[in-house]
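Me: I would like to go through some of the labels attached to this model and ask what each of them rests on.

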Amino acid sequence: MRGRFGHADARFWPVTACLLAVGTVCGVLLIHSAAWPLYFPRGDLASTFWNYWWFDAGVLGRGSHPLRSDWLFHPVGAGLTFHTMGLFYCVAFWPVRALAGACAAYNLQIAATYALTTLFTYGLARQLGASRWGASLAGLGAALGRYRFAFAFQMNVLSVQWIPHYFWMLLRLL
């Protein structure tokens with residue numbers, strides 16, 4: 001019998017729990033302030049907070065189009081089509097922002113990307129025939145790679161969990 005992740009594995013939930021825990025712990029350790037001197041990149045890091053603000057004030061508050069802002073370059077406005085908006089994250093983490101604030105939502109978003117990258121890469125590797133240990137190493141390697149740490153606070157780069165998820169679901173569909 002094939003399991004939920006496309007392979008015969010009746011005892012998958014302990015592996016899933018361990019992978020999610022390791023990915024989450026690594027993500028939380030990364031956002032701890034003691035790790036910032038090691039991985040804190042320079043540049044425009046407040047774009048996610050601006051995205052949160054625009055979604056709350058502009059889209060929900062005023063009913064504006066999410067990809068058009070008349071508050072930038074007023075009175076003409078500016079298109080946000082090519083902006084790294086991340087509308088999915090604005091919607092998905094809105095309850096966290098409403099209850100605990102934007103910083104908590106941002107930190108949870110970072111930790112979630114590490115956990116989901118670990119899990120989705122594990123599922124993809126298992127779908128391709130890797131053993132549990134091999135798939136676990138693939139998941140941890142994808143989640144904890146140096147590229148992700150180099151861009152640890154830029155959500156548009158950090159959100160690579162959807163790439164293995166896409167290919168995993170594509171293989172399951174075929």
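**Labels and their grounds**

Reply: Gladly, and since this is a predicted model, we can begin with two helices, α6 (residues 102-127) and α10, whose axes come within 8 Å and cross at roughly 35 degrees. The contact is made by F120, T121, G123, L124 and Q127 of α6 together with W162, P164, H165, F167, W168, L171 and R172 of α10.

Me: What makes L174 exposed?

Reply: L174, which lies in the segment after α10 (162-173), has a relative accessible area of 78%; exposed means over 50%, so L174 is called exposed.

Me: Which residues form a nonpolar patch with L174 on the surface?

Reply: L128 and L171 form the patch with L174, and together the three have about 350 Å² of accessible area. L171 also belongs to the α10 side of the contact with α6.

Me: Why is F73 called exposed?

Reply: The relative accessible area of F73 is 67%, and the label requires over 50%, so F73 is exposed. F73 is placed in the loop between β1 and β2, and its phi is near 50 degrees, a positive value in a residue other than glycine.

Me: Where is P75 found, and what is the peptide bond from H74 to P75, cis or trans?

Reply: P75 is found in the loop between β1 (68-69) and β2 (78-79), and the bond that joins H74 to P75 is cis, with omega near 10 degrees.

Methods:
Residues numbered from 1 in each chain as written. Predicted model: local features only at pLDDT ≥ 70, side-chain atom pairs only at ≥ 80, totals over all residues. Heavy atoms only, no water. Patch = residues over 30% accessible without salt bridge, like charges linked within 9 Å, V, L, I, M, F, W, Y side chains within 5 Å. Areas by Shrake-Rupley, 256 points an atom, 1.4 Å probe, with all protein chains shown as cover. Salt bridge = Lys/Arg side-chain N within 4 Å of Asp/Glu carboxyl O. Helix = DSSP H or I, 4+ residues; strand = E, 2+ residues; numbered from the N terminus. Buried < 20%, exposed > 50% of the residue type's maximum accessible area, 1.4 Å probe, protein only. Axes fitted to C-alpha atoms, helices over the stretch in contact; angles between N-to-C directions. Contact = heavy atoms within 4.5 Å.
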